[in-house]
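I opened my notebook to look up charged side-chain pairs. My entries follow.

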Amino acid sequence: MPLFKKLLSILTACVVIMTMGMPALANARFERFEMMWNDATDAERYYMPSEVKAYACGLSTNDFVFFARVIEGEGADNDDNITDKVFVALTVLNRMACSRWPTRSVISTLQRPGQFEVVDRETHECHCARSLDSEWAIVIAYRMFENNEVDCHIVYYNAYGFTGYSTPREDGFA
């Protein structure tokens with residue numbers, strides 16, 4: 001029995017030591033992300049891993065990836081302009097910040113029934129593939145939101161096939 005107690009105490013000590021080291025590893029990774037982000041241009045940031053972009057937006061990687069998938073599915077597919085995708089991301093951020101909106105996290109806002117067509121109503125999954133544009137749209141939206149560059153009442157609705165909100169007409173009128 002004394003041998004069992006010694007082994008148990010050694011095992012407990014190992015677990016405590018390993019647990020104490022985990023925050024240090026996480027902090028080192030986040031410090032590296034911070035340096036990568038701060039020492040880069042936007043052109044370089046666009047191609048950074050999802051983990052780094054998620055950190056820059058204050059999201060977990062899983063939340064960021066899910067958000068990017070929804071943005072990709074909901075935003076208009078336009079190679080030259082990601083405005084629609086930015087508007088979708090801003091709508092999500094505004095909903096989270098609204099005191100009358102019932103959800104406060106990205107995931108719960110995206111998975112709220114009847115809000116986003118690309119999110120399955122039963123499984124709450126999104127099977128769209130994310131793109132660099134959809135990830136970058138989230139980064140832009142977070143910047144705009146943090147800098148108070150967007151009206152808090154923005155609600156973006158992109159009817160199927162209609163992208164008139166973000167595509168200016170040739171005569172200059174919206």
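**Salt bridge entries**

I started with K85, which forms a salt bridge with E72, their closest N and O atoms being 3.1 Å apart. For this term I used a side-chain nitrogen of Lys or Arg within 4 Å of a carboxyl oxygen of Asp or Glu. The pair links distant parts of the chain: K85 sits in helix α5 (residues 83-97) and E72 in helix α4 (residues 61-74), 13 residues apart. Helices are DSSP runs (H or I, at least four residues), numbered from the N terminus.

I noted that this is a predicted model, where local features need pLDDT of at least 70, side-chain atom pairs count only at pLDDT 80 or more, and totals for chains, interfaces and linings use all residues. Residues are numbered from 1 along each chain as its sequence is written, and side-chain values use heavy atoms, leaving out hydrogens and water.

Is K85 buried or exposed? I found K85 buried, at 2% relative accessible area. Buried means under 20% relative accessible area, exposed over 50%, and partly exposed in between (1.4 Å probe, protein chains only).

Next I looked up D42. It forms a salt bridge with R45, with 2.9 Å between the closest N and O atoms. D42 and R45 are three residues apart in helix α2 (residues 42-46), so about one helical turn separates them. R45 is buried at 14%.

R143 also meets D42 in a salt bridge (2.6 Å, N to O). R143 lies in helix α7 (residues 132-146), 101 residues from D42 in helix α2. D42 is partly exposed at 32%, and R143 is partly exposed at 28%.

My last entry is the total: the structure holds five salt bridges.

Notes
Helices (H or I, at least four residues) and strands (E, at least two) are DSSP runs, numbered from the N terminus.
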